[in-house]
Amino acid sequence: MPKTTQKPCHYCVEQKPVDWQDTVTLKHFVSSYWKIAPQRRSGLCALHQRKVASAIKRARVMVLMPYIPE
């Protein structure tokens, strides 16, 4: 099996906090069906994966992101 290299975490590289109001960045971490992407696809570390998931859920409650595709 070939070795796989893990992508560096977006938030660790950029050194910026996870913000639920930044929907442009959060859209990169959802699928075309608006499901939250798993850690192996998003390339985030465990800490930022949890924060991004919470931020996406909060943005959905505040009606900044949809729950389902339109």
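User: Which side chains count as positive or negative here, and how many of each are there?

Analyst: Lys and Arg count as positive, and Asp and Glu as negative. In this predicted model, the protein chain has 12 positive and 4 negative side chains, with the centres of the two sets 12 Å apart.

User: Thanks! What makes the fold pattern α-α-α-α?

Analyst: The protein chain has four helices and zero strands, and reading along the sequence gives α-α-α-α.

User: Why is Ser42 called buried?

Analyst: Buried means a relative accessible area under 20%. Ser42 has 11%, so Ser42 is buried. Ser42 sits in helix H3, residues 39–42.

User: How do you know that the side chains of Ser42 and Gln49 make a polar contact?

Analyst: The cut-off for the N or O atoms is 3.5 Å, and this pair is at 2.9 Å. Leaving aside neighbours within four places in sequence, Ser42 is also in contact with residues including Lys7, Phe29 and Ala37.

User: Are Cys9 and Cys45 buried or partly exposed?

Analyst: With the limit for buried at under 20%, Cys9 at 7% is buried. Cys45 has 24%, so Cys45 is partly exposed.

Note on methods
Residues numbered from 1 in each chain as written. Predicted model: local features only at pLDDT ≥ 70, side-chain atom pairs only at ≥ 80, totals over all residues. Heavy atoms only, no water. Helix = DSSP H or I, 4+ residues; strand = E, 2+ residues; numbered from the N terminus. Buried < 20%, exposed > 50% of the residue type's maximum accessible area, 1.4 Å probe, protein only. Polar contact = N/O pair within 3.5 Å; in protein donor to acceptor, adjacent residues only side chain to side chain. Contact = heavy atoms within 4.5 Å. Charge placed at Lys NZ, Arg CZ, Asp CG, Glu CD.
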